[in-house]
Amino acid sequence: MMQNLPGDLLAGWDIVVIDDEEDSLEVASVILDAYGANVHCASDGKEGLEVIRSIRPRLVISDLSMPVMDGWGLIYELRQDTTLHSTQIIALTAHAMPGDAQRALESGFNNYLTKPLTVETFMENLVNLLLATPMLADLLNI
Amino acid sequence: MIGGVTALLIGIIGLVAFFSLQQFNRSFSVMIDNTVPTDQVLRTLRGDAQDILASADQLALLIVSGTDTDQIDGEYEDFKNAESNLLADVQQLAIIPLAPGEPASELVAPVGAGVQRLISAANAFVDGFATAHLLSLTDAGASSSASPDNSTAGASADSSAETPSVLPQSLRDLQLNFEQVETEFLSELDEFVSVEADESLQFQTDSVAALQNAILAIFGVAAVSLVVSILGAVVGSRQISRPIVALIEVAQKLTRGDYSQRADVSSFGEFGTLSRAFNTMTDTVLSRQQELSQLNATLEKRVRERTREAEAARRVAEENNRLKSEFLATMSHELRTPLNAIEGFTSIIRNHMGGTEYNASTARYVDRIEANSKRLLQLINDFLDISRIESGRLQLAHSPFSPTELGRRWADLAGGLAEKSGLGFEVSLDPSLPESIVGDEEAVSKIAINLLGNAVKFTEKGNVELALKASGDNWQIVVSDTGIGIPPHAREFIFDEFRQVDQTSKRKFGGTGLGLAIVQKMARAMGGTVTVESEVGHGSTFTVTLPIVLEEPITASA
């Protein structure tokens, strides 16, 4: 457990994690679960879209390269839906090529995280992103 | 034909001569005797003779007699320059020096009686006129009178000639005398002209008339010859013009690109030769042209082939480049994905998440997993760097950075590593280094950290040193150690990919064998060099020399 973060940091948070890689999906969900979040998983964009529409989570963390519907298709659909405009959507990808981050932000993602993830890097980056968003920062149990 | 042309020429010459003589008959000739000083005559003519001259169509002949030809020439030049208006009327002019006393009339003896009389009148006029003038001068100078015929005396007195301010009585008399002579001359002239005009038959015996007749005869013959020639030409024109027209047509068709055309060579003589030469020329030009178009076609074909080949090669190169980029992106993604799982689960275990049982053994194994996964990640990153440099996709930044500050950061990092390995660490930063250098901070750091990492790795005891130096237009990153050193034979290949000094050191020290290759490739990409000095068992010194690129001075408008 990260020393300065409380175990119930994300208590009461519905978070949807979308990744076609089972291991990646599990790493992310175990970490988020460890901080008290209600984690909902999906293995592609299409499935993720359905989960998001039924759960209406505060936060979505999605991979970009996926079968059926990839992260680019997902963000397009989500940004068309005005009822979901307050949902924070963070891209999580192993794409580390120059320009990927910029492209993700331009496509409508609120932020961008690069794999590989460790508990430390993932949580540090995630908390910083959430703290920078006033209406979500208030909901963190710090 | 030649006869016709000759007749034509003679005819033309005859006509010209005829009309010239007609002209001569209407002209006014002035014959000047040598008994009058030339400059006096000329000066007189300049002023008063104009009226006389105006009565004739033109001044045809000016004969000045005298002993000194050069003097006459010089005076004539003066006269000509001063009297351009008068001379505009002078169509024929001759200066003929005569012996003193020689009568001017003898010179024109062949001319008919009318002309003869005219000359006499002219002589009388000039004599009288010049004498009168001379006398007036003498009067003005000495107030003494001179006889009108004392022209010889005047010759010696001409040097004192000045324009008289007052005309004395004697001069007025002479002026009257002159006017009389002048009137006489003019009437003589009128008579001559009217006689010439009305009674031309009267001059049958005159040489001018005879010459006119001769000329007319020649002209007549010439005219007849011309008519004959023209008739001959008209008759012969068909024979001459037809092949010429045909040849012109052939030439025009050839010009328009009808190369089947050839001149008709059936004509005999010169025209046949011309036609044959024309055809030979056409054949030669045509065969040259065919050779050229063949050569041109071959060249065009080759150019098209080469263009196709180049285009194909370019497409292949582009496709290769695209595949390479795609491969790099895919590999980066594919290698990071499993690493993501390894690192992720390792960190989960270390953080006791997901209900992990954690004890001392678990901790040790997790350490090993983490170390290896970092090594694997390093290998992937190195490999991607090499690929980027080699495929020309390495994009170097051009941002300002402080080399001194960068040096301190490297020193912190390397100092920590050295400390862990029980080594001493020293850093020296040249104060003469520029505050700011433009370049790729990240790439430079990659070089320095690689060299520093190696130095710590290959040194068991002693020191690792980092020095940043300014060296002219360059700056240097110098990394020294007191490590195992590099044997001379290995210095040639240590910068090659996947090469280490030997397999033993590879097993002993680990590493990907890509570090120095990246250092060298990156340094070269930045326009720099890497050199190594080493002594086995005593240590190595790597020197990276990079050009100093300074920031553009900020302009006032920026």
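Predicted model: local features only at pLDDT ≥ 70, side-chain atom pairs only at ≥ 80, totals over all residues.

Trainee: What share of the residues in each chain counts as buried?

Mentor: Buried means under 20% relative accessible area, exposed over 50%, and partly exposed in between, with a 1.4 Å probe and protein chains only. By that rule 51% of the 142 residues of chain A are buried, and 38% of the 558 residues of chain B. As for surface, by the Shrake-Rupley method with a 1.4 Å probe, where for residues only the protein chains shown count as cover, chain A has an accessible surface of about 6300 Å², 48% of which belongs to carbon and sulfur atoms. Chain B exposes about 31900 Å², with carbon and sulfur atoms supplying 56%.

Trainee: Why does the span of helix H9 of chain B agree with its residue count?

Mentor: The expected span of a helix is 1.5 Å times one less than its number of residues. Helix H9 of chain B, residues 269-350, has 82 residues and should therefore span 122 Å, and its end C-alpha atoms are 119 Å apart, which agrees. After H9(B) comes His352(B), whose phi is positive, near 55 degrees.

Trainee: Is Ser347(B) buried or exposed?

Mentor: Ser347(B) is in helix H9 of chain B, and it counts as buried because its relative accessibility is 2%. With contact taken as heavy atoms within 4.5 Å, and leaving aside neighbours within four places in sequence, Ser347(B) touches Thr118(A), Val119(A) and Glu120(A).

Trainee: What is the order of the strands in the open sheet of chain B?

Mentor: Strands of a sheet pair through backbone hydrogen bonds, either parallel or antiparallel. Here two strands pair if DSSP finds at least two bridges between them. The open sheet has five strands in the order E4-E6-E7-E9-E8 of chain B, with mixed pairing. Strand E4 (424-429) and E8 of chain B stand at the edges with a single partner strand each, so one side of each is left without a neighbour in the sheet. From one strand to the next the twist averages 10 degrees, where axes are lines fitted to C-alpha atoms, for helices over the stretch in contact, and angles run from 0 to 180 degrees between N-to-C directions.

Trainee: Which way do E6(B) and its partners E4(B) and E7(B) run?

Mentor: E4(B) and E6(B) run parallel and are joined by six bridges, with Val427(B) opposite Leu466(B). E6(B) and E7(B) run antiparallel, joined by eight bridges, and Lys469(B) stands opposite Gln476(B). These two strands form a hairpin with two residues between them, and Gly472(B) in the turn has a positive phi of about 65 degrees.

Trainee: Which residues touch the most other members of the largest nonpolar core?

Mentor: In soluble globular proteins, nonpolar side chains tend to be buried together. A nonpolar core is a set of buried Ala, Val, Leu, Ile, Met, Phe, Trp, Tyr and Cys residues joined through side-chain atoms within 4.5 Å. The largest has 44 residues, of which Trp410(B), Val444(B), Trp475(B), Ile477(B) and Phe542(B) touch the most other members. H12(B) gives the most to this core, with eight residues. A second, separate core of 32 residues includes Ile15(A), Ala28(A), Val119(A) and Leu140(A).

Trainee: Where is Glu460(B) found?

Mentor: Glu460(B) is in the loop between H12 and E6 of chain B, and it is exposed, with a relative accessible area of 58%.

Conventions: Residues numbered from 1 in each chain as written. Chains lettered and ligands numbered in written order. Heavy atoms only, no water. Helix = DSSP H or I, 4+ residues; strand = E, 2+ residues; numbered from the N terminus.
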